[in-house]
Amino acid sequence: MLLAGPNGAGKTTLLRLCAGLLPLRAGTGEVLGVDLATGRKRIRRAIALVGHETFCYDDLTVLENVRFAARAAGCEPGVGEAALERVGLKRVANVAHGRLSQGQRRRLALANAIARAPRLLLLDEPHAGLDEEGRAVLEAVVAEAPQHDCTVMIASHELELARRLVTREVEIIAGQVHPLPAAAPAPRPEVRV
Amino acid sequence: MSFLREAALVAGKDLRIERRSRVALQQIVPFAAIVVLLLAFALDSDSTMLPRAAPGLFWAAIFLATVLAVGRSFGVEEANRARDGLRMSGLDGGSIFVGKAVAVAVELFLLEVVVGIAVVVLYDVTVRGVLVLVCAAFAATIALAATGTVYGVLAGGLRARETLVPLLVLPAVMPVMLGATRAFQAALDNAPGDAWPWVQLLAVFAVLVCAAGVVAFGPLLEET
(Lines give C-alpha, C1' and ligand atoms only; values in the text may rest on other atoms or scores of the structure.)
Protein backbone atom coordinates (compact mmCIF):
# COMPACT_ATOMS: atom_id res chain seq x y z
CA MET A 1 0.00 0.00 0.00
CA LEU A 2 1.25 3.49 -0.84
CA LEU A 3 0.88 6.44 1.52
CA ALA A 4 1.02 9.63 -0.49
CA GLY A 5 0.77 13.18 0.72
CA PRO A 6 2.58 16.49 0.98
CA ASN A 7 5.42 17.27 3.39
CA GLY A 8 4.24 17.35 6.99
CA ALA A 9 1.03 15.47 6.21
CA GLY A 10 1.83 12.80 8.79
CA LYS A 11 3.13 9.89 6.68
CA THR A 12 6.22 9.24 8.80
CA THR A 13 4.22 9.71 11.99
CA LEU A 14 1.69 7.13 10.78
CA LEU A 15 4.45 4.65 9.95
CA ARG A 16 6.11 5.14 13.35
CA LEU A 17 2.70 4.73 14.99
CA CYS A 18 2.13 1.48 13.10
CA ALA A 19 5.63 0.32 14.11
CA GLY A 20 4.74 0.81 17.76
CA LEU A 21 7.38 3.52 18.21
CA LEU A 22 4.86 6.23 19.01
CA PRO A 23 2.06 5.91 21.55
CA LEU A 24 -1.51 6.31 20.41
CA ARG A 25 -2.62 9.51 22.15
CA ALA A 26 -6.13 9.77 20.69
CA GLY A 27 -8.54 7.66 18.65
CA THR A 28 -8.17 3.94 18.02
CA GLY A 29 -5.97 1.82 15.83
CA GLU A 30 -5.16 -1.80 15.09
CA VAL A 31 -2.11 -3.34 13.43
CA LEU A 32 -2.01 -7.07 12.64
CA GLY A 33 -5.09 -7.46 14.81
CA VAL A 34 -3.41 -5.88 17.85
CA ASP A 35 -4.78 -2.77 19.53
CA LEU A 36 -2.14 -0.03 19.28
CA ALA A 37 -3.33 1.53 22.52
CA THR A 38 -2.57 -1.55 24.60
CA GLY A 39 -0.29 -3.86 22.66
CA ARG A 40 2.13 -1.79 20.63
CA LYS A 41 5.19 -3.47 22.14
CA ARG A 42 3.81 -6.94 21.39
CA ILE A 43 3.55 -6.33 17.66
CA ARG A 44 7.08 -5.03 17.17
CA ARG A 45 8.61 -8.42 16.56
CA ALA A 46 6.28 -8.86 13.59
CA ILE A 47 7.05 -5.45 12.08
CA ALA A 48 10.11 -3.93 10.44
CA LEU A 49 10.60 -0.26 9.67
CA VAL A 50 13.05 1.17 7.17
CA GLY A 51 13.06 4.87 7.93
CA HIS A 52 15.22 7.89 7.27
CA GLU A 53 17.81 6.51 9.72
CA THR A 54 19.28 3.03 9.53
CA PHE A 55 19.08 2.07 13.26
CA CYS A 56 22.64 0.72 12.79
CA TYR A 57 25.89 1.14 14.72
CA ASP A 58 28.66 2.99 12.89
CA ASP A 59 31.48 0.95 14.48
CA LEU A 60 29.98 -2.45 13.70
CA THR A 61 30.45 -4.02 10.30
CA VAL A 62 27.60 -4.64 7.88
CA LEU A 63 27.55 -8.32 8.86
CA GLU A 64 27.65 -7.59 12.60
CA ASN A 65 24.79 -5.12 12.27
CA VAL A 66 22.54 -7.50 10.37
CA ARG A 67 23.43 -10.41 12.66
CA PHE A 68 22.54 -8.33 15.70
CA ALA A 69 19.18 -7.38 14.19
CA ALA A 70 18.44 -11.00 13.24
CA ARG A 71 19.50 -12.50 16.57
CA ALA A 72 17.60 -9.86 18.53
CA ALA A 73 14.50 -10.87 16.59
CA GLY A 74 15.15 -14.51 17.52
CA CYS A 75 16.03 -15.63 13.98
CA GLU A 76 18.15 -18.67 13.16
CA PRO A 77 21.90 -18.23 12.51
CA GLY A 78 22.58 -17.58 8.84
CA VAL A 79 19.47 -15.46 8.29
CA GLY A 80 21.53 -12.26 8.42
CA GLU A 81 23.96 -13.51 5.77
CA ALA A 82 21.06 -14.53 3.53
CA ALA A 83 19.53 -11.06 3.89
CA LEU A 84 22.83 -9.44 2.90
CA GLU A 85 23.01 -11.67 -0.15
CA ARG A 86 19.48 -10.68 -1.08
CA VAL A 87 20.25 -6.94 -1.04
CA GLY A 88 23.63 -7.35 -2.72
CA LEU A 89 25.81 -6.26 0.19
CA LYS A 90 27.81 -9.44 0.75
CA ARG A 91 30.94 -7.98 -0.80
CA VAL A 92 31.00 -5.21 1.84
CA ALA A 93 30.02 -7.52 4.71
CA ASN A 94 33.18 -6.65 6.66
CA VAL A 95 33.00 -2.89 6.13
CA ALA A 96 31.90 -0.71 9.05
CA HIS A 97 28.49 0.92 8.70
CA GLY A 98 30.09 4.33 9.23
CA ARG A 99 32.12 3.88 6.04
CA LEU A 100 29.20 2.95 3.77
CA SER A 101 27.71 5.24 1.15
CA GLN A 102 24.17 6.53 1.64
CA GLY A 103 22.76 4.00 -0.79
CA GLN A 104 24.58 1.10 0.86
CA ARG A 105 23.26 2.21 4.23
CA ARG A 106 19.72 2.17 2.89
CA ARG A 107 20.27 -1.33 1.58
CA LEU A 108 21.67 -2.45 4.93
CA ALA A 109 18.58 -1.07 6.65
CA LEU A 110 16.50 -3.08 4.18
CA ALA A 111 18.58 -6.20 4.94
CA ASN A 112 18.05 -5.70 8.67
CA ALA A 113 14.32 -5.42 8.04
CA ILE A 114 13.96 -8.56 5.90
CA ALA A 115 16.24 -10.55 8.23
CA ARG A 116 13.50 -10.17 10.84
CA ALA A 117 11.01 -11.91 8.52
CA PRO A 118 8.32 -9.32 9.30
CA ARG A 119 4.63 -9.70 8.61
CA LEU A 120 4.40 -5.95 8.01
CA LEU A 121 7.24 -4.06 6.31
CA LEU A 122 7.09 -0.27 6.63
CA LEU A 123 9.19 1.69 4.14
CA ASP A 124 9.62 5.44 4.55
CA GLU A 125 10.84 7.11 1.34
CA PRO A 126 12.50 3.86 0.29
CA HIS A 127 13.82 5.14 -3.04
CA ALA A 128 15.76 8.02 -1.50
CA GLY A 129 19.51 7.67 -1.93
CA LEU A 130 19.29 4.44 -3.93
CA ASP A 131 21.00 3.98 -7.27
CA GLU A 132 19.48 1.95 -10.10
CA GLU A 133 20.75 -1.36 -8.71
CA GLY A 134 19.50 -0.43 -5.26
CA ARG A 135 16.06 0.40 -6.63
CA ALA A 136 15.97 -2.95 -8.41
CA VAL A 137 16.80 -4.66 -5.11
CA LEU A 138 14.05 -2.72 -3.37
CA GLU A 139 11.51 -3.59 -6.06
CA ALA A 140 12.46 -7.27 -5.84
CA VAL A 141 12.05 -7.29 -2.05
CA VAL A 142 8.63 -5.63 -2.29
CA ALA A 143 7.55 -7.89 -5.17
CA GLU A 144 8.49 -11.03 -3.21
CA ALA A 145 6.93 -9.86 0.05
CA PRO A 146 3.52 -11.55 -0.50
CA GLN A 147 5.30 -14.90 -0.95
CA HIS A 148 6.65 -14.42 2.57
CA ASP A 149 3.19 -13.54 3.93
CA CYS A 150 4.34 -9.94 4.34
CA THR A 151 2.39 -6.74 3.72
CA VAL A 152 4.34 -3.68 2.63
CA MET A 153 3.35 -0.10 3.39
CA ILE A 154 5.30 2.59 1.57
CA ALA A 155 5.37 6.32 2.28
CA SER A 156 6.88 8.11 -0.67
CA HIS A 157 7.10 11.31 -2.64
CA GLU A 158 8.38 9.48 -5.69
CA LEU A 159 4.90 8.44 -6.68
CA GLU A 160 5.69 7.07 -10.13
CA LEU A 161 8.28 4.69 -8.76
CA ALA A 162 6.21 3.75 -5.74
CA ARG A 163 3.00 3.13 -7.72
CA ARG A 164 4.79 0.38 -9.65
CA LEU A 165 5.12 -1.54 -6.39
CA VAL A 166 1.66 -1.25 -4.85
CA THR A 167 -1.92 -2.36 -5.31
CA ARG A 168 -3.55 0.23 -3.04
CA GLU A 169 -3.01 3.90 -2.44
CA VAL A 170 -4.19 6.33 0.20
CA GLU A 171 -3.48 9.99 0.55
CA ILE A 172 -2.78 11.74 3.83
CA ILE A 173 -3.55 15.42 4.15
CA ALA A 174 -3.02 17.17 7.48
CA GLY A 175 -3.15 13.88 9.33
CA GLN A 176 -6.38 12.71 7.69
CA VAL A 177 -6.36 9.57 5.53
CA HIS A 178 -8.22 9.76 2.22
CA PRO A 179 -8.46 6.38 0.44
CA LEU A 180 -8.20 6.58 -3.31
CA PRO A 181 -10.34 4.30 -5.50
CA ALA A 182 -8.88 0.83 -5.63
CA ALA A 183 -6.88 0.40 -8.78
CA ALA A 184 -6.09 -2.75 -10.63
CA PRO A 185 -2.67 -4.07 -9.65
CA ALA A 186 -0.07 -2.32 -11.75
CA PRO A 187 1.95 -4.60 -13.99
CA ARG A 188 5.26 -5.23 -12.31
CA PRO A 189 8.37 -4.89 -14.41
CA GLU A 190 10.61 -7.90 -14.53
CA VAL A 191 13.26 -7.42 -11.91
CA ARG A 192 16.63 -9.09 -11.91
CA VAL A 193 19.10 -8.71 -9.04
CA MET B 1 15.57 -16.19 23.29
CA SER B 2 16.19 -16.35 27.02
CA PHE B 3 16.72 -13.30 29.19
CA LEU B 4 20.42 -14.04 29.70
CA ARG B 5 21.05 -14.69 26.01
CA GLU B 6 19.44 -11.35 25.16
CA ALA B 7 21.56 -9.62 27.80
CA ALA B 8 24.69 -11.32 26.43
CA LEU B 9 23.77 -10.20 22.91
CA VAL B 10 23.50 -6.55 24.01
CA ALA B 11 26.65 -6.69 26.17
CA GLY B 12 28.60 -8.31 23.33
CA LYS B 13 27.41 -5.64 20.92
CA ASP B 14 28.41 -2.78 23.25
CA LEU B 15 31.81 -4.29 24.07
CA ARG B 16 32.51 -4.93 20.38
CA ILE B 17 31.70 -1.29 19.61
CA GLU B 18 34.05 -0.12 22.37
CA ARG B 19 36.83 -2.44 21.24
CA ARG B 20 36.42 -1.23 17.67
CA SER B 21 36.13 2.51 18.44
CA ARG B 22 38.77 2.43 21.22
CA VAL B 23 37.09 5.35 22.96
CA ALA B 24 37.48 3.64 26.34
CA LEU B 25 41.14 2.87 25.74
CA GLN B 26 42.16 6.14 24.14
CA GLN B 27 40.01 8.60 26.06
CA ILE B 28 38.46 7.23 29.25
CA VAL B 29 41.54 5.45 30.63
CA PRO B 30 43.89 8.41 29.97
CA PHE B 31 41.29 10.74 31.47
CA ALA B 32 41.11 8.72 34.70
CA ALA B 33 44.91 8.46 34.83
CA ILE B 34 45.21 12.23 34.42
CA VAL B 35 42.70 12.81 37.22
CA VAL B 36 44.76 10.58 39.52
CA LEU B 37 47.98 12.34 38.47
CA LEU B 38 46.54 15.85 38.96
CA LEU B 39 45.23 14.96 42.41
CA ALA B 40 48.68 13.62 43.30
CA PHE B 41 50.22 16.96 42.30
CA ALA B 42 47.55 18.85 44.23
CA LEU B 43 48.23 16.99 47.47
CA ASP B 44 51.91 16.07 47.27
CA SER B 45 53.02 18.85 49.64
CA ASP B 46 51.74 16.64 52.43
CA SER B 47 53.33 13.23 51.89
CA THR B 48 51.22 11.59 54.60
CA MET B 49 48.01 12.85 53.07
CA LEU B 50 48.18 10.96 49.77
CA PRO B 51 48.06 7.36 51.09
CA ARG B 52 45.23 8.33 53.46
CA ALA B 53 43.25 10.05 50.73
CA ALA B 54 43.99 7.36 48.12
CA PRO B 55 40.70 5.41 48.46
CA GLY B 56 38.56 8.53 48.07
CA LEU B 57 40.63 9.86 45.16
CA PHE B 58 40.55 6.42 43.47
CA TRP B 59 36.75 6.26 43.61
CA ALA B 60 36.39 9.91 42.56
CA ALA B 61 38.42 9.09 39.43
CA ILE B 62 36.33 5.96 38.81
CA PHE B 63 33.11 7.93 39.22
CA LEU B 64 34.19 10.52 36.65
CA ALA B 65 35.13 7.71 34.27
CA THR B 66 31.74 6.06 34.92
CA VAL B 67 29.99 9.22 33.73
CA LEU B 68 32.01 9.12 30.51
CA ALA B 69 31.43 5.39 29.99
CA VAL B 70 27.67 5.71 30.53
CA GLY B 71 27.50 8.73 28.23
CA ARG B 72 29.32 6.74 25.58
CA SER B 73 27.07 3.69 26.09
CA PHE B 74 23.97 5.74 25.29
CA GLY B 75 25.66 8.03 22.78
CA VAL B 76 26.08 5.12 20.38
CA GLU B 77 22.34 4.47 20.64
CA GLU B 78 21.52 8.02 19.53
CA ALA B 79 23.55 7.87 16.30
CA ASN B 80 21.41 6.66 13.38
CA ARG B 81 18.52 6.33 15.86
CA ALA B 82 19.85 2.95 16.94
CA ARG B 83 17.79 3.44 20.09
CA ASP B 84 14.64 3.02 17.96
CA GLY B 85 16.21 -0.11 16.50
CA LEU B 86 16.64 -1.47 20.03
CA ARG B 87 13.01 -0.67 20.81
CA MET B 88 11.88 -2.38 17.60
CA SER B 89 14.16 -5.36 18.15
CA GLY B 90 11.74 -7.10 20.47
CA LEU B 91 14.42 -7.49 23.14
CA ASP B 92 13.15 -7.33 26.70
CA GLY B 93 13.84 -3.98 28.40
CA GLY B 94 15.31 -5.74 31.43
CA SER B 95 17.74 -7.75 29.34
CA ILE B 96 18.85 -4.59 27.50
CA PHE B 97 19.51 -3.01 30.91
CA VAL B 98 21.55 -5.98 32.12
CA GLY B 99 23.51 -6.14 28.86
CA LYS B 100 24.37 -2.45 28.86
CA ALA B 101 25.22 -2.43 32.59
CA VAL B 102 27.47 -5.48 32.20
CA ALA B 103 29.32 -3.83 29.30
CA VAL B 104 29.88 -0.65 31.36
CA ALA B 105 30.95 -2.76 34.37
CA VAL B 106 33.50 -4.70 32.30
CA GLU B 107 35.00 -1.42 31.08
CA LEU B 108 35.12 -0.10 34.66
CA PHE B 109 36.81 -3.28 35.96
CA LEU B 110 39.58 -2.90 33.41
CA LEU B 111 39.84 0.79 34.22
CA GLU B 112 40.09 0.07 37.96
CA VAL B 113 43.09 -2.19 37.37
CA VAL B 114 44.92 0.60 35.52
CA VAL B 115 43.90 3.34 37.95
CA GLY B 116 44.65 1.04 40.92
CA ILE B 117 48.21 0.52 39.68
CA ALA B 118 48.59 4.28 39.14
CA VAL B 119 47.35 4.97 42.69
CA VAL B 120 49.71 2.43 44.24
CA VAL B 121 52.69 3.88 42.36
CA LEU B 122 51.88 7.60 42.62
CA TYR B 123 50.36 7.68 46.09
CA ASP B 124 52.82 5.24 47.71
CA VAL B 125 50.03 2.96 48.92
CA THR B 126 50.77 -0.44 50.46
CA VAL B 127 48.14 -2.94 49.34
CA ARG B 128 46.60 -5.02 52.11
CA GLY B 129 43.38 -7.02 52.39
CA VAL B 130 43.22 -8.01 48.72
CA LEU B 131 40.10 -10.16 49.15
CA VAL B 132 38.04 -7.40 50.72
CA LEU B 133 39.38 -4.89 48.18
CA VAL B 134 38.29 -7.12 45.30
CA CYS B 135 34.85 -7.79 46.83
CA ALA B 136 34.29 -4.09 47.52
CA ALA B 137 35.43 -3.11 44.03
CA PHE B 138 33.17 -5.77 42.48
CA ALA B 139 30.04 -4.68 44.36
CA ALA B 140 30.76 -0.97 43.93
CA THR B 141 31.40 -1.37 40.20
CA ILE B 142 28.15 -3.25 39.66
CA ALA B 143 26.32 -0.55 41.64
CA LEU B 144 27.96 2.28 39.68
CA ALA B 145 27.34 0.65 36.30
CA ALA B 146 23.72 -0.21 37.12
CA THR B 147 22.93 3.25 38.51
CA GLY B 148 24.64 4.92 35.58
CA THR B 149 22.70 2.77 33.13
CA VAL B 150 19.34 3.62 34.71
CA TYR B 151 20.06 7.36 34.62
CA GLY B 152 21.76 7.06 31.25
CA VAL B 153 18.58 5.84 29.57
CA LEU B 154 16.59 8.49 31.43
CA ALA B 155 18.76 11.26 29.93
CA GLY B 156 19.53 9.41 26.71
CA GLY B 157 16.87 11.00 24.56
CA LEU B 158 17.59 14.54 25.77
CA ARG B 159 19.87 17.07 24.12
CA ALA B 160 21.45 18.01 27.47
CA ARG B 161 22.30 14.41 28.37
CA GLU B 162 26.08 15.03 28.64
CA THR B 163 25.57 17.48 31.50
CA LEU B 164 22.47 15.85 32.94
CA VAL B 165 23.95 12.39 33.54
CA PRO B 166 26.57 13.47 36.12
CA LEU B 167 24.00 15.71 37.84
CA LEU B 168 21.59 12.80 38.18
CA VAL B 169 24.10 10.06 38.92
CA LEU B 170 26.28 11.70 41.57
CA PRO B 171 23.59 12.11 44.25
CA ALA B 172 22.32 8.60 43.53
CA VAL B 173 25.72 6.95 43.95
CA MET B 174 26.72 8.82 47.13
CA PRO B 175 26.17 5.65 49.22
CA VAL B 176 28.38 3.73 46.80
CA MET B 177 31.16 6.31 46.93
CA LEU B 178 30.98 6.41 50.73
CA GLY B 179 30.82 2.62 51.16
CA ALA B 180 33.57 1.88 48.65
CA THR B 181 35.89 4.53 50.12
CA ARG B 182 35.36 3.31 53.69
CA ALA B 183 35.81 -0.34 52.68
CA PHE B 184 39.04 0.45 50.85
CA GLN B 185 40.27 2.60 53.76
CA ALA B 186 39.64 -0.17 56.27
CA ALA B 187 41.27 -2.80 54.04
CA LEU B 188 44.37 -0.66 53.49
CA ASP B 189 44.54 0.03 57.24
CA ASN B 190 44.70 -3.76 57.71
CA ALA B 191 41.31 -3.82 59.42
CA PRO B 192 39.23 -6.05 57.15
CA GLY B 193 36.68 -6.62 59.90
CA ASP B 194 35.71 -2.97 59.62
CA ALA B 195 35.49 -3.24 55.82
CA TRP B 196 33.00 -6.11 55.46
CA PRO B 197 29.93 -4.17 56.70
CA TRP B 198 30.63 -1.60 53.99
CA VAL B 199 30.99 -4.36 51.42
CA GLN B 200 27.62 -5.71 52.54
CA LEU B 201 26.10 -2.24 52.12
CA LEU B 202 27.57 -2.05 48.61
CA ALA B 203 26.21 -5.49 47.75
CA VAL B 204 22.71 -4.62 48.99
CA PHE B 205 22.79 -1.35 47.05
CA ALA B 206 23.96 -3.15 43.90
CA VAL B 207 21.17 -5.75 44.16
CA LEU B 208 18.51 -3.09 44.73
CA VAL B 209 19.66 -0.94 41.81
CA CYS B 210 19.88 -3.96 39.50
CA ALA B 211 16.37 -5.03 40.46
CA ALA B 212 15.04 -1.51 39.94
CA GLY B 213 16.86 -1.28 36.61
CA VAL B 214 15.42 -4.55 35.29
CA VAL B 215 11.91 -3.33 36.10
CA ALA B 216 12.25 0.34 35.12
CA PHE B 217 14.56 0.27 32.09
CA GLY B 218 11.94 -0.85 29.57
CA PRO B 219 9.42 1.89 30.42
CA LEU B 220 12.21 4.50 30.60
CA LEU B 221 13.46 3.44 27.16
CA GLU B 222 9.94 3.93 25.83
CA GLU B 223 9.11 7.21 27.49
CA THR B 224 12.32 9.22 27.14
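I call two residues in contact when their C-beta atoms, placed from the backbone, lie within 7 Å. A reminder to myself before going on: this is a predicted model.

**Entry 1: A183(B) and its core**

With that cut-off I looked up A183(B), leaving aside its neighbours within four places in sequence. Its partners are V132(B), A136(B), A195(B), W198(B), V199(B) and L202(B). I then turned to the largest nonpolar core, which has 137 residues. A183(B) is one of those that touch the most other members, along with A136(B), A143(B) and L202(B). Helix 6 of chain B, residues 130-156, gives the most to this core, with 17 residues.

**Entry 2: helix 4 of chain B**

Is helix 4 of chain B enclosed or open? I found seven of its eight residues buried, so the helix is largely enclosed by the rest of the structure. The buried ones are A82(B), R83(B), G85(B), L86(B), R87(B), M88(B) and S89(B).

Next I checked what covers them. From chain B, the cover includes helix 3 (49-78), helix 5 (93-123), helix 6 and helix 9 (192-223). From chain A, it includes strand 4 (47-50) and helix 3 (62-72).

**Entry 3: where the chains meet**

I looked up the contact between the chains, and it takes 20 residues from chain A and 19 residues from chain B. On the chain B side, helix 1 (3-21) and helix 4 (82-89) each supply at least two residues. I sorted that side of chain B by type and got eight nonpolar, six charged and five polar residues.

Technical notes. Residues numbered from 1 in each chain as written. Chains lettered and ligands numbered in written order. Predicted model: local features only at pLDDT ≥ 70, side-chain atom pairs only at ≥ 80, totals over all residues. Helix = DSSP H or I, 4+ residues; strand = E, 2+ residues; numbered from the N terminus. Nonpolar A, V, L, I, M, F, W, Y, C, P; charged D, E, K, R; others polar. Core = buried A, V, L, I, M, F, W, Y, C linked by C-beta atoms within 7 Å. Buried ≥ 20, exposed ≤ 12 C-beta atoms within 10 Å, placed from the backbone.
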